[in-house]
Amino acid sequence: MIYVLLTGGAGFIGSSLAEKLLEHPDIFLVIADNLTTGSIQKVPQHPRCVFKKIDVNNFEEIASLFYYYPFEYVFHYAATVGVQRTLQNPIKVLNDLHGIENILRISRCARVKRIFFSSSSEVYGEPVEFPQNEETTPLNSRLPYAIVKNASEAFLKAYYKEYGLRYTIFRFFNTYGPKQSTDFVISRFINLALKNEPLTIHGDGSQTRTFCYIDDNVDATYNVFLSVLKNPNTDNHIINIGNDSEISILDLAKLIIRLTNSASSLKFLPPLPEGDMTRRLPDITKMKEFLQRPLISLEQGINYILENPIFILNM
């Protein structure tokens, strides 16, 4: 049996990854989450899955798990998420540095083979080149959330250099899907459109994003994990996880209105004072090598959400 720890496993991406990991017959999965933003409803019910309500930022709580389970791999996905939430709670965001340090300290002593870390496109800040490449694009972190992700990446690299603890860093770009909360743009727009309420846009809507459907995110990261199982000594990786098809927020709103047959109007608000970057476009060459299938288009993904009854959990 392969023992795997997944922190933040009651969140949108974490719980989706949990379902995929449990497809592997030899994995015993322990999910740790403090349920601040996650939901117990999203945690898979499975005989090889255990859920523990634990705050990874608390050393004693997270250390207790390592006494009971011989973890070989750790997916550290626990984090304070959501642009507005992170801007309004900067101290809480900075406390997440305790989480990565706790995970690394304990994993080193427990001889964990590799840490898989959920970083973010936010580490690129307001980018200076496109597409944003893992190796060549400078990191321009400014916001507390981005700074924490950048510092966490530095922790991982330092622990490898000092102690040989291997890592894989996933830099997640916008990801969406049926179980996502309405704190994020696609799920928020869909909810408003289904109620025929105005879709609110900050600024003129010309800012662009790329949107990765959850299955693409999970399948790619799971395949990375499988490659590590085959060769535990594989090199450390930093991998952008996203989609490379850009769309403006204005066009996104119009698309959702069309796909939902909504009577919603558009309501324009003043630009956000910070945190709303003008453009995002990842280089996903590495991701495509692991995904090994075509990406799901934005229109396909939105239709999958509309067809999925799980979506009503977030309304």
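I began with contacts in this predicted model. Among contacts in the protein chain with a separation of 6 or more, 79% join residues 24 or more positions apart.

Next I looked up the secondary structure. I found 11 helices and 13 strands in the protein chain. I then checked the radius of gyration, which is 19 Å. The globule rule gives 20 Å for 315 residues, and the two values are close, so I noted the chain as being as compact as a globular protein of that length.

The C-alpha trace spans about 55 × 40 × 40 Å along its principal axes.

The protein chain exposes about 14000 Å².

Charges came next. I counted 31 positive and 33 negative side chains in the protein chain. How far apart do the centres of the two sets lie? I noted 3 Å for the centres of the positive and negative sets.

Where does Leu 143 lie? I found Leu 143 in the loop between strand S5 (114-120) and helix H6 (144-163). Is Leu 143 buried or exposed? Its relative accessibility is 12%. Buried means under 20%, so Leu 143 counts as buried.

Note on methods:
Residues numbered from 1 in each chain as written. Predicted model: local features only at pLDDT ≥ 70, side-chain atom pairs only at ≥ 80, totals over all residues. Heavy atoms only, no water. Helix = DSSP H or I, 4+ residues; strand = E, 2+ residues; numbered from the N terminus. Buried < 20%, exposed > 50% of the residue type's maximum accessible area, 1.4 Å probe, protein only. Rg over C-alpha atoms; globule rule 2.2 N^0.38 Å. Contact = heavy atoms within 4.5 Å. Areas by Shrake-Rupley, 256 points an atom, 1.4 Å probe, with all protein chains shown as cover. Lys, Arg positive; Asp, Glu negative; His and termini not counted. Charge placed at Lys NZ, Arg CZ, Asp CG, Glu CD.
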